[in-house]
Amino acid sequence: MYRTHHCNALRVANIGEQVKLAGWVHSRRDHGGVIFIDLRDREGLTQVVFRPEENAEVAEAAHHLRDEDVIQVEGRVAPRVPGTENPKLATGEVELLPARLTILNRADVLPFPLEAENINEDLRLAYRYFDLRRPQLTRNLRIRHRVAKATRDYLDAQGFLEIETPILSKSTPEGARDFLVPSRLAAGKFYALPQAPQQYKQLLMVGGVEKYFQIAKCFRDEDLRADRQPEFTQIDIEASFVRPEEIYTLTEGMLAAIFKAARGMDIPTPFPRLTYREAVGTFGSDKPDRRFGMQLVDFTDDFRASGFKVFRGVIENGGVVKAIKAKGFAGITIGQVDEMTAIAKNFGAKGIAFIKIENGEWKSPIVKFFSEAEKSALQSRLAIEEGDLVFFAADKWDIACEVLGRLRLRVAEIQGLTKDCEQLDFLWVTDFPLLQFDATENKWNAVHHPFTRPHAEDLPLLEEKRYGQMRAEAYDVVLNGVEIGGGSIRIHEPDLQAKMFAVLGVSENDQQTMFGHLLRAFRLGAPPHGGIALGLDRLVMLICGEQSIRDVMAFPKNNRSQDLMSQSPSEVDPRQLRDLGIKIAEEKK
RNA sequence: GGAGUCUUAGCUCAAUUGGUUAGAGCGCCGCCCUGUCACGGCGGAGGUUGCGGGUUCGAGCCCCGUAGACUCCGCCA
């Protein structure tokens, strides 16, 4: 037996006991005579004291210990010398006086200090197995485990079955780019890794499973972000004979169980709800961060007959005039104005208008065009005060909203409005648009996915080809401005599904080739069904207070989808390629 | 595909306007040190300033190119 206790176990009550500990040399303080070692395992630290007068041989060996050596010590638990107790350690009142020291393994010079912050991430990723020893990452993995366990326990109690679906599956044209896996037995053909178990879980509903869940790995071959990895994990849920209300209640209960288990917190349920129109119109985002105000206020009616031609012209062309008030932001720097203008242009606006309120005066090149009525509308509805700054966007509704929504987030970031904010703001965003027109592809795309059910009352719009006005029975759950999950009620009728495919530009022939199994399944008695998928990585990231999902994954990949530790992806043996019937094309020069 | 920021010792960073031999802390090596917990003291090693080119009497610093990292846009049903 390597150890009788872990390194966070010994207390005053253990004084006098003979114990064995094993772990890593966390730090050493060598006084020439007496030597102190903090011994670490995943549970904590225990001070080990080597004294030459007690055991000269062991003390001599201890002189040669280095950080991160793996050792085993056996000896007596003793009280610390009065006055030298360490209140920072749970084990700080006692220490171990070893009679034996066994070096289980030596550590080389370390690639980076475990204690330090701000280590280059590529270095950390290259030595991930080492980086994982940092208490913060150990804690994150532990929280992740608790989240997964709470999820399983909760869904099990609700009667859901955990069912695995294939990783080798079929490529489909919709959605993200697939990772492809070549087939050896069917040379020239490919499997695809699942972007989500979407079709399988719907087919499980056709199979009469009724309540399914899976903590599922998903794969998407797209460019990465701090909160996106090529492979990630979803809490995937589907149920039959459900309405959105039942999905909301289930999800709220699950998140409550998760936060209770992982953080010991009670979160208030049910969550507030906003429609997509309300969320975008008020916060400029379909995943609004409501922990601070700065809401979008609509002044379209106030400027409909304005003497300011820019605003009036936009409104006459069906656009809107909206504004946000950035409290106390009149001291904006030239550089910040440039940045705000760049944001506005990046999201489709021609520019940005703003008013600074300084020394009781409204400072802006456009304010001279405003009537007294217009000024008073602004004054009262924005509650403008000295030192404030007002941003305007005059454009089509969606552009005006998005521009102000982005400025709102940037201003909040600059002003540190959510820094050290402990608040957890959950909400549902409902009634998403079903379809969105893509001008570059010149076709309609599904906002959620092609299996999403249109609102029953919007079905006539399908026949009228007024696709842009159709609402979906789709919903997202948002926490602090981050989309942590989304789902929908699905189409279960073959005819409606075929119609949707047609609108999305999937030909009759392609429908049969790519989705024939689904359409056939729907002809054999498919129950009404729907579900939701939550991004486990993002959820754990928020629970852990991390800025990147890489910090809550054991072995994440970098921005270019490479594993810097194992150096994957890598070239393969030509024989492997020959077996697969694959030739690498000459690189284009 | 695009934009921005960054790249100097093992790690984190500094280096005035382009100017002497590129520094500091931590780590590493050696010596000393018997109650520390960020132990302390003395000494030492460690650098092609990412790479390539250019401007200049002179480049870590300016210019061009290139590679890489991160953040964002596009993309992510």
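Axes are lines fitted to C-alpha atoms, for helices over the stretch in contact, and angles between N-to-C directions run from 0 to 180 degrees. Helices (H or I, at least four residues) and strands (E, at least two) are DSSP runs, numbered from the N terminus. This is a predicted model, where local features need pLDDT of at least 70, side-chain atom pairs count only at pLDDT 80 or more, and totals for chains, interfaces and linings use all residues. Residues are numbered from 1 along each chain as its sequence is written, chains are lettered from A and ligands numbered from 1 in the order in which they are written, and side-chain values use heavy atoms, leaving out hydrogens and water.

Take helix 6 (residues 244-263) and helix 15 (residues 536-544). Their axes come within 11 Å and cross at roughly 45 degrees. Helix 6 and helix 15 are therefore oblique to each other. Angles under 35 degrees count as roughly parallel, over 145 as roughly antiparallel, 65 to 115 as roughly perpendicular, and the rest as oblique. The crossing of helix 6 and helix 15 is right-handed. Right-handed means the near helix is turned clockwise from the far one by less than a right angle; left-handed means anticlockwise. Helix 6 brings Leu255, Ile258, Phe259, Ala262 and Arg263 to the contact, and helix 15 brings Leu539, Leu542 and Ile543. Contact means heavy atoms within 4.5 Å. By class, this contact of helix 6 with helix 15 has seven nonpolar, no polar and one charged residues. Ala, Val, Leu, Ile, Met, Phe, Trp, Tyr, Cys and Pro count as nonpolar, Asp, Glu, Lys and Arg as charged, and the others, Gly among them, as polar.

Helix 5 (residues 198-206) and helix 14 (residues 508-522) have axes that come within 10 Å and cross at roughly 25 degrees. Helix 5 and helix 14 are therefore roughly parallel. Their crossing is left-handed. Gln199, Gln202, Leu203 and Val206 of helix 5 touch Phe515, His517, Leu518, Ala521 and Phe522 of helix 14. The contact of helix 5 with helix 14 has six nonpolar, three polar and no charged residues.

Helix 7 (residues 276-283) packs on helix 11 (residues 397-415) at about 55 degrees, with the axes 7 Å apart. That makes helix 7 oblique to helix 11. Arg277, Val280, Gly281 and Phe283 in helix 7 meet Trp397, Cys401, Gly405 and Arg408 in helix 11.

## Around RNA strand B

A residue is near the strand if one of its heavy atoms lies within 4 Å of it. Of the 53 residues around RNA strand B, Asp30, Arg51, Thr84, Ala446 and His448 come nearest. The surface near RNA strand B divides into 16 nonpolar, 16 polar and 21 charged residues. Strand 1 (18-30), strand 2 (35-41) and helix 2 (121-126) each supply at least two of its residues.

A backbone N or O atom of Val34 lies 3.3 Å from a sugar or linking oxygen of RNA strand B. A polar backbone atom of His449 is 2.8 Å from a sugar or linking oxygen of RNA strand B. An N or O atom in the side chain of Arg228 is 2.9 Å from a base oxygen of RNA strand B.

## Backbone details in loops

The peptide bond from Thr269 to Pro270 is cis, with omega near -5 degrees. Pro270 sits in the loop between helix 6 and strand 11 (273-275). The bond from Ser568 to Pro569 is also cis, with omega near 5 degrees.

Glu68 is not a glycine, yet has a positive phi of about 75 degrees. Glu68 lies in the loop between helix 1 (56-62) and strand 4 (70-79).

Note on methods:
Polar contact = N/O pair within 3.5 Å; in protein donor to acceptor, adjacent residues only side chain to side chain.
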